Every structure is written in C-alpha cells, then in structure tokens.
Amino acid sequence: MRQLGLILSPMAGNRGGSLNRGQHNSSGFSLIEILTVLFIVALLAVFAWPSYQAVVLDAGRAEAKATLLGVTSEQERYFSSFNRYVNDASPLDAPASAGRRKLTSSGRYSVAVEACEGGSLAFCFVATATPLGSQVNDACTSLSIDNTGRRSATGSLSDTDDCWTY
C-alpha cells in the first residue's frame with residue numbers, strides 16, 4: 001500500500017493539469033484570429049459607410065423641410081397680424097428683425113426668407129434652406145417654399161418631388 005501512495009503522490013499536486021510536460025495551455029487569440037476579425041470589420045465598414053452617410057443626409061434634408069414648413073407657418077401668422085410678410089425666418093420672436101436667419105436644430109441648414117421673384121414682401125415670400133457643413137454633399141443642394149405652398153429644389157436630383165418626399 002505504501003508503494004501505491006508514493007506513485008499517486010506526484011499526481012495529487014497536479015490538480016487536473018496535463019501530465020504531459022511538452023503540452024502548453026495557451027490563452028488569448030492568435031495573430032491569424034485577430035487579423036481575420038479585423039478584416040471582417042473593415043469589410044463591413046466599407047460596405048456600410050456609404051449607406052450610413054446617405055441616411056444622415058436624408059435625415060438632415062427631412063429636418064430642413066420641417067423647419068421650412070415651420071417658417072412658412074410663422075410667416076402666415078405674422079401676415080394675419082400685420083397684413084404683410086417680413087424677411088425674418090423667426091418673425092414671431094419679437095421684435096421681428098430684417099434678415100434674421102434660422103438654423104435647423106442640428107445646424108445642417110440655414111433658412112432665410114426673401115421677397116418672391118418680381119414681388120414684394122407685402123404680398124409674397126420665398127423661404128429657402130441652404131445646406132451647411134457636410135450637408136452640402138446632398139443631392140438636393142437647396143430647398144425652397146413660397147407663400148402659396150409651391151415647393152422647389154436645386155441639385156443633382158432630376159425631380160423636385162424627389163427632394164421633397166419623405
């Protein structure tokens with residue numbers, strides 16, 4: 001029995017480890033595994049980034065359209081009180097200030113109000129949203145709306161409706 005104890009005693013200190021001294025227990029990742037993961041992430045980024053940029057530009061344009069409709073509403077409310085329009089994008093922020101522009105909440109567009117072509121502010125206006133910063137890369141470079149609700153846009157899109165649809 002005593003001989004059996006001498007044989008088993010080296011195994012008692014092993015505690016589940018390998019009996020083979022030539023084998024390594026490695027923890028972590030190999031270089032090949034890390035490079036594979038980096039390649040997959042880079043590939044996803046290359047394909048996803050343009051789509052993401054398009055969504056950001058569309059969101060900025062939607063915000064500009066909402067701001068333009070708000071400015072149009074404020075101009076009509078101003079007209080109902082003073083019987084004329086004013087070249088102020090925030091006419092209800094008393095006192096009205098000629099030439100004041102309004103930024104969209106994200107700061108991607110600047111909105112200005114001017115007299116319509118061939119008319120005066122007493123009877124008609126055109127509110128125009130001009131892109132700022134990275135928004136200038138959008139296919140719709142500016143959006144406009146007048147007091148009759150007629151919408152227009154400039155840019156590389158062939159149809160104004162393409163710029164104004166949500």
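Trainee: Leaving aside its neighbours within four places in sequence, which residues is Leu57 in contact with?
Mentor: Leu57 is in contact with Ser134, Gln135, Asn137 and Asp138, where contact means heavy atoms within 4.5 Å. This is a predicted model, in which local features need pLDDT of at least 70, side-chain atom pairs count only at pLDDT 80 or more, and totals for chains, interfaces and linings use all residues. Residues are numbered from 1 along each chain as its sequence is written, and side-chain values use heavy atoms, with hydrogens and water left out.

Trainee: How many residues apart in sequence are Leu57 and Gln135?
Mentor: They are 78 residues apart in sequence, and 6.2 Å apart in space, C-alpha to C-alpha.

Trainee: Why does Leu57 count as buried?
Mentor: Its relative accessibility is 15%, so Leu57 counts as buried; buried means under 20% relative accessible area, exposed over 50% and partly exposed in between, with a 1.4 Å probe and protein chains only. Leu57 lies in helix α2. Helices (H or I, at least four residues) and strands (E, at least two) are DSSP runs, numbered from the N terminus.

Trainee: Turning to the strands, how many residues of β3 are buried?
Mentor: In strand β3 (residues 125–131), 5 of the 7 residues are buried, so the strand is largely enclosed by the rest of the structure.

Trainee: And how many bridges join β2 to β3?
Mentor: Strand β2 (residues 109–115) runs antiparallel to β3, and 7 bridges join them; two strands pair if DSSP finds at least two bridges between them. β3 also pairs with strand β4 (residues 140–146), in the antiparallel sense, over 4 bridges.
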